[in-house]
Amino acid sequence: MRIPNFLWYIADNEPVTESAGQKTNTALLRGYLAYLRIEKGLRPLTCEAYQHDLLQFAEFLEEEQTSLLESRREQVSDFLAHLGRYGVESRSAARKLSCLRGFFKWLLLEKKIDRDPTVTMETPAAWKVLPKSLAVSEVKDMLDRASLAAEQPEERKLSQAAALRDRAIMEILYAGGLRVSELTGMHVADLSLAAGRAMVRGKGDKERIVPLGRVAIEAVETYLERGRPALVRKNKDRGRLFLSVRGLPLTRQWIWQMVRASKASASPHKLRHSCATHMVEGGADLRTVQTILGHADIATTQVYTHLALGRLKEVHRLHHPRGKAALLEEQGTPQEEAPEDHPDTDIHAEAQAEEAAS
């Protein structure tokens, strides 16, 4: 879909000729994006995604010769159908509807509309996409290679510092299940290595405590002692934990490329999924995994149970009565037979119960 002319004004701040309805839409979108950034504390990339979805809806309404304030349920429904005709997957359509719900809820709070057109709309059914993770052996190979590179003597001080930094990044991504944006935003002050934990800021600028394993702690300590001091540049140090060879904070794209260079099929998000999957397979409860990953809804974490069916089957066999019976049969262990009820005993018990009742 093309971006309507009146919306270029938002992105480029270059005034263009606008109709009254277009001016209203521009002001509304500006106000809502400011609300998301300032009051909701959403990250710039998240705000950009919301802006893109709202631009599409505004363009659709412009073609229908109406505005955001005048939109009705039928037009929202037509918009979703329009997306389907253009091959937009139901998962993406559901995300766009969620964006519109937030926008209209804000309009209600601002008393700009008196009715939410999305309130009775059903979310498009979407297939659940199982997160892709790496095998334990694959992650181990990646971490071993990073560790080996960090231990190699380097003639150049910066190369040695970069290798120590890369190993610390890989260890933290896997140990803490961090999002790449959470990693790039970490400061040295966020670390509590003596306590074995770090504080990270997730979606909506929400803070959470993430435990770190012994190996990850050692990698970060070595980087802080021998790596980071070589990367810091005068007047450029803002306390960020991971720095480039120029002393600047690392970007999300750089970390993606670094992880991809270690293994072509890997990514920072796959390391996050691998952390969660391997924990569930190891017997961790979902609430703990939810807390570590920073999921707002337990339903988001439950998807990892589909990737740990082997572990679930084993737990079922060990603890469910029918599962125990099958396990004992496989092991050739005779099952304890339950004592048969004696008919005389049952009659005597019934007689006593009747006497007590009378």
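Here are some numbered notes on this predicted model, from the overall fold down to single residues.

1. Let's start with the whole chain. Its secondary structure comes to 16 helices and three strands. Of the 358 residues, 38% count as buried. Among the contacts with a separation of 6 or more, 58% are between residues 24 or more positions apart.

2. As general background, nonpolar side chains in soluble globular proteins tend to be buried together.

3. Leaving aside residues up to four places away in sequence, L183 touches I169, I172, L173, L178, F242 and I255.

4. Now for a helix pair. The axes of α3 (residues 44-63) and α5 (residues 90-109) come within 10 Å of each other and cross at roughly 90 degrees. Angles of 65 to 115 degrees count as roughly perpendicular, so that is the description for α3 and α5. From α3, the contact is made by Y50, H52, D53, L54, Q56 and F57. The α5 side brings R95, K96, C99, L100, F103 and F104. Sorted by type, the residues of this contact are seven nonpolar, two polar and three charged.

5. The aromatic residues deserve a point of their own. A search of the whole structure finds 10 aromatic pairs. Y32 and F103 form an edge-to-face pair, because their ring centres are 5.2 Å apart and their planes stand at 75 degrees. This pair links distant parts of the chain, with Y32 in helix α2 (residues 20-38) and F103 in helix α5, 71 residues apart. Both Y32 and F103 are buried.

6. Y35 and W106 are both buried. Stepping back, ring pairs join Y32, Y35, F57, F60, F79, F103, F104 and W106 into a cluster.

7. Most residues other than glycine have a negative phi. Q65, which is not glycine, has a positive phi near 60 degrees. Q65 is in the loop between α3 and α4 (73-85), and its relative accessible area of 75% makes it exposed. K111 likewise has a positive phi near 60 degrees. K111 is located in the loop between α5 and α6 and is exposed, with a relative accessible area of 74%.

8. Finally, is H269 buried, partly exposed or exposed? H269 counts as partly exposed, because its relative accessibility is 35%. This histidine belongs to helix α11 (residues 268-281). The C-alpha atoms of H269 and L173 are 8.6 Å apart, although 96 residues separate the two along the chain. L173 is also one of the residues that L183 touches.

Conventions
Residues are numbered from 1 along each chain as its sequence is written. This is a predicted model: local features need pLDDT of at least 70, side-chain atom pairs count only at pLDDT 80 or more; totals for chains, interfaces and linings use all residues. Side-chain values use heavy atoms; hydrogens and water are left out. Axes are lines fitted to C-alpha atoms, for helices over the stretch in contact, and angles run from 0 to 180 degrees between N-to-C directions. Helices (H or I, at least four residues) and strands (E, at least two) are DSSP runs, numbered from the N terminus. Angles under 35 degrees count as roughly parallel, over 145 as roughly antiparallel, 65 to 115 as roughly perpendicular and the rest as oblique. Contact means heavy atoms within 4.5 Å. Ala, Val, Leu, Ile, Met, Phe, Trp, Tyr, Cys and Pro count as nonpolar, Asp, Glu, Lys and Arg as charged, and the others, Gly among them, as polar. Rings of Phe, Tyr and Trp (its six-membered ring) pair if their centres lie within 6.5 Å; planes under 30 degrees apart count as stacked, over 60 as edge-to-face and the rest as tilted. Buried means under 20% relative accessible area, exposed over 50%, partly exposed in between (1.4 Å probe, protein chains only).
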